[in-house]
Amino acid sequence: MQENKRGSWGSNFGFLMAAIGSAVGLGNIWGFPYKMGKNGGFAFLIIYLLLVVFVGIAIMLGELALGRKTGLAAVGAYGEFSKKHKWVGYLGVISAFVILAFYCVLGGMVMRYMMGFLLQILGLDSFVGQGSGFFGFLLYDHGGMLFFFGLFMIINMLIVAGGVQKGIERFSMVGMPALFVILLFVVVFVAFQPGAIEGYKFMLKPNLDVFSNPEIGFLGVLKAAAGQMFFSLSLGMGAMITYGSYLSKKENLQRNALIIPFADTLIAVLAGFAVMPACAAFGVDYGGGPGLLFVSMHTVFEKMGNFGAFVGFLFYFLVFIAAVTSSISLLEVCTANRVDKAIAKGKEPNRKKITFIYGAIIFIVGLPVALDALGSGGSAIKAPYEILGITAGDVAAGFRVWNDCWLDLYDAFSEGVLMPLGALFMSFLIGWKYKPSTVFDECEQNGNKFRGKLFFTLCFKFVVPVAMLFVLWGQVKDFFF
Ligand code: TRP
């Protein structure tokens, strides 16, 4: 199929690979296992699944439908309904921008690990044996951090500059099946390690103890799971509006809106089946939080012995593919709006130029994230709490998750505030202003029958807004208390 000026997917399968690629990212392979580890395993899993069914699928459908109906990316799509709604689209662009600034730093760190294991396989480095110590070294290795951050950014720019079909779709069509095969290999390999069984038990054995833990409780688990669901499904900031805008009218939207969350959840659970049992088998704690992907997994590969370097390389390669197919969707959210704007003005859009300018600015905005050693202190760039004159760990003086490093600051702002706001307004607009029938009509193009109108109407009007208010409230509370 010939691409028009905006671009379009070559096939529904290509669209699915790109959209699932967007959804499956660091959120699945890193965030999901570590949040599950911290929030009681089984209890978290159940709440997460319920949220996907009652909130995630409806928003996914709403975003895809808005995009395909208008044939425009986030800002333009809302603008089609009313000029006054454009800012909901801009919220999305800003949050894509901010997420990219830290996501690409993490992507670079993943590449650094990937390279370390590769050098070990080639006999050029003793990377495996450095175990958990390497992470601390990397954080203060400013040259390395910058180099890999930049490299990851450049890979993103090249793919997005290549276009919707020839860049994003082509990369995803190769990358996503590869990711799936590697993940299955790792899951099976881990299953054969003695002691792995404890990891499965943690995930699957009914156990709601965490609800009576005063520090977390039911609301704590709900909040963690809701935030995770949003981020993992790439919702709340127009990524799916943008991807939906490239989809042909003949494809079945409702079915696609089920397949994407299903695949994303499957891969998150499989990632859990790789990480949790691996930690269990090698006696590494999985409740340690964000260090899981780097410190804990590195220790696992160290203890694995001969196979460690090889499995380690495969594992980080998989994480790398997952990260790239996600970050290109974020970059596309930014690029697509400019492309639409140029076309609306009757100009020839210059996708390459737009992409490179965005990439360069995002790199600059991401510099503090790459250089503050994740708030470990005494680095080239001060962490937010240091700038505020707060002592590390001094909660009484105002030390919080949002100011403990630049990454967490960017994350709290985008994931914590902008995304739930975006989703809240979107569900409000669809539920009450544009009416759910806008979505249903768009889905019923080409004779596809829409199923479950009542269910989705209830989701758009009530369930989603209430869930969103809840997430926002949780964030605000974290901010001050
Ligand atoms: N879903 C991705 C992940 O799990 C991150 C991501 C990509 C994203 N595009 C997004 C999150 C758009 C929110 C919105 O890592």
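This is a predicted model: local features need pLDDT of at least 70, side-chain atom pairs count only at pLDDT 80 or more; totals for chains, interfaces and linings use all residues.
Does Glu444 count as buried, exposed or partly exposed, and at what relative accessibility? Glu444 counts as partly exposed, because its relative accessibility is 26%, a value that falls between the limits of 20% for buried and 50% for exposed.

**Salt bridges**

- Glu444 has a salt-bridge partner in Lys449, with a distance of 3.9 Å from N to O; Lys449 is exposed, because its relative accessible area is 61%, whereas Glu444 is partly exposed at 26%.
- A salt bridge also joins Glu442 to Arg68, and here the closest N and O atoms are 2.8 Å apart.
- Glu332 and Arg351 meet through their side chains in a salt bridge of 2.9 Å, N to O. Glu332 is in helix 14 (residues 308-344) and Arg351 is in helix 15 (residues 351-371), so that the pair links distant parts of the chain, 19 residues apart.
- Glu332 counts as buried because its relative accessibility is 0%, and Arg351 counts as buried as well, with a relative accessibility of 13%.

**Aromatic rings and a charge over a ring**

- A pair of aromatic rings is described by two values, the distance of the centres and the angle of the planes.
- The rings of Phe440 and Phe450 form a tilted pair, because their planes are at 40 degrees, and their centres are 4.5 Å apart. Phe440 lies in helix 18 and Phe450 in the loop between helix 18 and helix 19 (453-480), so this pair ties together parts that are ten residues apart in sequence.
- Phe440 and Phe450 are both buried.
- Ring pairs also link a cluster of residues, including Trp30, Tyr34, Tyr113, Phe117, Phe294 and Tyr316.
- Lys461 places its charged end over the ring of Trp432, at 4.1 Å from the ring centre.

- The largest cavity holds about 150 Å³ of space, and its lining is made up of 18 residues, of which Ser22, Tyr103, Phe231, Ser234 and Leu330 lie nearest the centre.
- Two or more residues of the lining of the largest cavity come from each of helix 1 (12-23), helix 2 (26-38), helix 5 (86-121), helix 10 (217-232) and helix 14.
- By class, the lining of the largest cavity has ten nonpolar and eight polar residues, and no charged ones.
- The second largest cavity holds about 70 Å³ of space, and of the 13 residues that line this cavity, Tyr78, Val88, Gly236, Met237 and Gly238 are the closest to its centre.
- At least two residues of the lining of the second largest cavity are supplied by each of helix 4 (74-81), helix 5 and helix 17 (406-433), and the lining divides into seven nonpolar, five polar and one charged residues.

**Residues with positive phi**

- Ser234, one of the residues nearest the centre of the largest cavity, has phi near 60 degrees, which is a positive value in a residue other than glycine. Ser234 lies in the loop between helix 10 and helix 11 (239-244), and Ser234 is buried because its relative accessible area is 12%.
- Ala373 likewise has a positive phi, near 55 degrees, and is a residue other than glycine. Ala373 lies in the loop between helix 15 and helix 16 (384-387), where Ala373 is buried, with a relative accessible area of 1%.

Notes: Residues are numbered from 1 along each chain as its sequence is written. Side-chain values use heavy atoms; hydrogens and water are left out. A salt bridge is a side-chain nitrogen of Lys or Arg within 4 Å of a carboxyl oxygen of Asp or Glu. Helices (H or I, at least four residues) and strands (E, at least two) are DSSP runs, numbered from the N terminus. Buried means under 20% relative accessible area, exposed over 50%, partly exposed in between (1.4 Å probe, protein chains only). Rings of Phe, Tyr and Trp (its six-membered ring) pair if their centres lie within 6.5 Å; planes under 30 degrees apart count as stacked, over 60 as edge-to-face and the rest as tilted. A charge sits over a ring if NZ of Lys or CZ of Arg is within 6 Å of the ring centre and within 35 degrees of the ring normal. On a 1 Å grid over the protein atoms alone, a cavity is a set of points where a 1.4 Å probe fits but cannot get out, and a pocket is an open set with protein on both sides within 12 Å along at least five of seven lines; lining residues have an atom within 4 Å of a point. Grid points are joined across faces, edges and corners, and a volume is the space filled by probe spheres set on the points. Ala, Val, Leu, Ile, Met, Phe, Trp, Tyr, Cys and Pro count as nonpolar, Asp, Glu, Lys and Arg as charged, and the others, Gly among them, as polar.
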